[in-house]
Amino acid sequence: MAGKKIAYIGIDLLYPALPALGQAGCEILEVITCETDNVTEFNTRVCSFAKKEGIPLFIGRITAERLQELRRRGCEAVICGGYYYRVPLVDGLKMVNIHPSLLPVGRGAWPMPVTILKGLHESGVTVHRMTEGFDEGPILLQEAVPVLADENLQTLTEKQMAVLPGMMRRLAADFDTLYELAKPQGDGEYWSCPSEEDYPLTPDTPLEEADRILRAFYGYECIYVADGIRYELIRGVAKGCETAPSLSAWDLQENKEGFFPVLHGVIQAEQWRKIMEMPPRCAQRQVALPMKVRFAKGRAPDASAADRKDWL
């Protein structure tokens, strides 16, 4: 792939792949990304790289016409590393995707939280051909990473990002051979996109379960419900208490420290806010929705990070 003309598609989730491809000698014709909330997910590093390197940047939904135009300009391959929309397949373009699990296990839009929720001890990164079936294409490269007992979404993602430069160097060094000899996946395991709404925290949630949920969604909103009021917590950490506090001991209405009780412990959140109405806000508007919700809905958010000023 060294010397090949390529296009890169993705947000910051797997950002190290982008500069690594450039350093490996690929000529990057265009960088394609999409709008993000820049609160829980970002595109700033991808955009900055393109501008710094003088590479054309497109922010939006990719179309077959755009890919066909890239092919007419000499583009030989497309590398996708985390993107909110389905990428059309185009004849004559070798298209691969970087997926943050060890396929064929962990197909789906957001496998990292599920890895932690399941208590697995290993995860990794897979580079595979893009096909009509999501995450089903033949595998070019894989690399495993360990998942520790106290792993959270942020630390797991950092481990996956750390292996990307080496993988991209290997990909660029022998792309055509790896592409042609890619191994079929066979039967796999699809993981439905997890949602914080499916894992609500309450004062009765056992400490161990609260810890697992908070680690799985660390950096994203977790839902906490008490006395009919919903709260959204970001970067919460569960801590044990010798004496379990009762809900009455906490004034959640005047919560200034970000403490929320659970069974035999408390959660301390770095950011939190109270939601006045019980229906999920996701059903009403799309403000800073996590990646897996955007993948499922197939559209980007329609509000900016300025709408998040009500976070404490």
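## Cysteines

Cys34 is buried, at 1% relative accessibility; buried stands for under 20% relative accessible area, exposed for over 50%, and partly exposed for values in between (1.4 Å probe, protein chains only). This is a predicted model, in which local features need pLDDT of at least 70 and side-chain atom pairs count only at pLDDT 80 or more, while totals for chains, interfaces and linings use all residues. Residues are numbered from 1 along each chain as its sequence is written, and side-chain values use heavy atoms, with hydrogens and water left out.

The closest cysteine sulfur to that of Cys34 belongs to Cys80 and lies 9.3 Å away, which is too far for a bond. Cys47 is likewise in no disulfide, since the nearest cysteine sulfur, in Cys34, is 9.4 Å away; the cut-off for a disulfide is a pair of cysteine sulfur atoms within 2.5 Å. Cys47 is buried too, with a relative accessible area of 8%. Over the whole structure, the search returns zero disulfides.

## Chain overview

The protein chain holds eight helices and 13 strands. These elements are DSSP runs numbered from the N terminus, with helices (H or I) of at least four residues and strands (E) of at least two. Of the 312 residues in the chain, 53% are buried.

The accessible surface of the chain is about 14000 Å², and carbon and sulfur atoms account for 50% of this area. Areas are computed by the Shrake-Rupley method with a 1.4 Å probe, and for residues only the protein chains shown count as cover. Among contacts (heavy atoms within 4.5 Å) between residues at least 6 apart in sequence, 65% join residues at least 24 apart.

## Second largest pocket

The second largest pocket holds about 450 Å³ of space. Its lining has 19 residues, of which Leu13, Thr40, Phe42, Thr157 and Tyr220 are closest to the centre. A pocket is an open set of points on a 1 Å grid over the protein atoms alone, where a 1.4 Å probe fits and protein lies on both sides within 12 Å along at least five of seven lines; lining residues have an atom within 4 Å of a point. Grid points are joined across faces, edges and corners, and the volume is the space filled by probe spheres set on the points.

Helix H5 (residues 153–173) supplies the largest share of the lining, five residues. By class, the lining has ten nonpolar, four polar and five charged residues. Here Ala, Val, Leu, Ile, Met, Phe, Trp, Tyr, Cys and Pro count as nonpolar, Asp, Glu, Lys and Arg as charged, and the others, Gly among them, as polar.

Thr40 sits in the loop between strand S2 (27–33) and helix H2 (44–53), and is buried at 10% relative accessible area. The C-alpha atoms of Thr40 and Gly219 are 6.3 Å apart, with 179 residues of sequence separation.

## Thr205 and helix H7

Thr205 belongs to the loop between strand S9 (189–190) and helix H7 (207–216). Thr205 is buried, at 6% relative accessibility. Residues up to four places away in sequence aside, Thr205 touches Pro200, Ala210, Val262 and Leu263. Val262 is 57 residues from Thr205 along the chain, with 5.4 Å between the C-alpha atoms.

Within H7, the buried residues include Ala210, Ile213 and Leu214. The buried residues of H7 pack against helix H4 (111–117), H5, and strands S10 (221–226), S11 (229–240), S12 (259–262) and S13 (265–275).

## His128 and its surroundings

His128 is part of strand S7 (residues 122–129) and is buried, with a relative accessible area of 2%. Beyond its neighbours within four places in sequence, His128 contacts residues including Met95, His99, Leu103, Asp135, Ile139 and Gln185.

Asp135 is in the loop between S7 and strand S8 (139–146). Asp135 counts as buried, at 10% relative accessibility.

## Backbone geometry

Most residues other than glycine have a negative phi, and most peptide bonds are trans. Asp135 has a positive phi, near 60°. His264, in the loop between S12 and S13, also has a positive phi, near 65°.

The peptide bond from Leu103 to Pro104 is cis, with omega near 15°. Pro104 lies in the loop between strand S5 (94–99) and strand S6 (105–107).
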